[in-house]
Amino acid sequence: MYATNFEFNGVQAVDMGLVMGTWNGDGEDGEIGCKVTFNTSKPINCNEWNIHGSHYEEPLTIEWSCIKNICDLTDNEDMVITPAEQAYFHRWLECPGKYQYLRFFQDDYEDIYYYCTISITWNKVGGKILGFKLTATCNAPHGYSEVQFINKENIGTGDTFTLYSDSDDIGAQVFDSIEIQALGDGAVNITNDLDIEYSMHNIAMNIDNCKTNEVILINGKTKQITTDRTDHNDLADDYNYYPIRLVNYDNLVSPTLDGYSGTISQNRTNTYTNHGVPCNINLSYRSIRWAVI
């Protein structure tokens, strides 16, 4: 790791007078990643094992060390991290009480975010704290892109729009947020041609009994659906709980120094068709990133 600065929960280390650095050899390059477990079985009277899939036993963990930025100090005594500073770093790094986004300011990695918690191990010399090690435990074996926002307006009945999946992972991804404004009375009904091809099910996202200018919000993480219409009491029954998804099942595109050099693959291009009332759609999501720092 060659970064000297990181950001956690929106706060950068340099703004706290800290710099990433080694401590007695800590923080040197080493093995980083997650152990994948393959699900296998061996038939009777056979010496070959068959693979039925794979899974990760534990999330990604990242370790690095920090000290005060010596360029900001006037003497060696300022290298000491005081009890008040320890308390502040504890509140910033350990006490949000939930996952927060972490990123490192290193070339080509600034736009990769890790959703994680952080624990602190203090380094003490002569009874004084002169540095600390941080251990980030992520919520997954991978990172994420920055938030991507998509806005599509005045999508008429029969109209289509396309979205390209830049995910590093193969599969179907539910958007973090789907906001739909119905522009007429009737059903919202949208299909994704690539999702149909990927899942082999011709299932549309369908919401019945919408009214003109009604705004519906679907939370992709909690699966909860809400509306700004107070009289849409049967919304939970009117929704089929199949939100539109962003699909990538292209494992043939080879990365280059300039990124993905090929043309946009048909297995990454999602074509959505509006079969219902005209509508506006706002989408937000983070793509999966497998690179680790």
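Is Cys-210 buried or exposed in this structure?

Cys-210 counts as buried, because its relative accessibility is 2% and the cut-off for a buried residue is under 20%. This value, like the others in this report, comes from a predicted model. Cys-95 counts as partly exposed, since its relative accessibility is 42%, which lies in between the limits of under 20% for buried and over 50% for exposed.

## Cysteines and disulfides

A disulfide is a covalent bond that links the sulfur atoms of two cysteines. In this model the count of disulfides comes to zero. Cys-210 is in no disulfide, and the nearest cysteine sulfur to its own, which belongs to Cys-279, is 9.3 Å away, whereas a disulfide needs the two sulfur atoms to be within 2.5 Å.

## Strand β22 and its partners

Strand β22, made of residues 269-274, pairs with strand β12, made of residues 160-164, in the antiparallel sense, and five bridges connect the two. Within this pairing, Leu-163 has Asn-270 of β22 as its bridge partner, while Tyr-164 stands opposite Thr-269 in β22.

Strand β15, which covers residues 186-192, is also joined to β22, here by three bridges and again with the strands running antiparallel. In this case Asn-192 has Tyr-272 of β22 as its bridge partner.

## The two faces of β12

Strand β12 has a covered face, formed by Phe-161 and Leu-163, and an uncovered face, formed by Thr-160, Thr-162 and Tyr-164. Leu-163, the bridge partner of Asn-270, therefore belongs to the covered face, with the meaning of a strand taken from DSSP runs.

Technical notes: Residues are numbered from 1 along each chain as its sequence is written. This is a predicted model: local features need pLDDT of at least 70, side-chain atom pairs count only at pLDDT 80 or more; totals for chains, interfaces and linings use all residues. Side-chain values use heavy atoms; hydrogens and water are left out. Two strands pair if DSSP finds at least two bridges between them. Helices (H or I, at least four residues) and strands (E, at least two) are DSSP runs, numbered from the N terminus. Buried means under 20% relative accessible area, exposed over 50%, partly exposed in between (1.4 Å probe, protein chains only).
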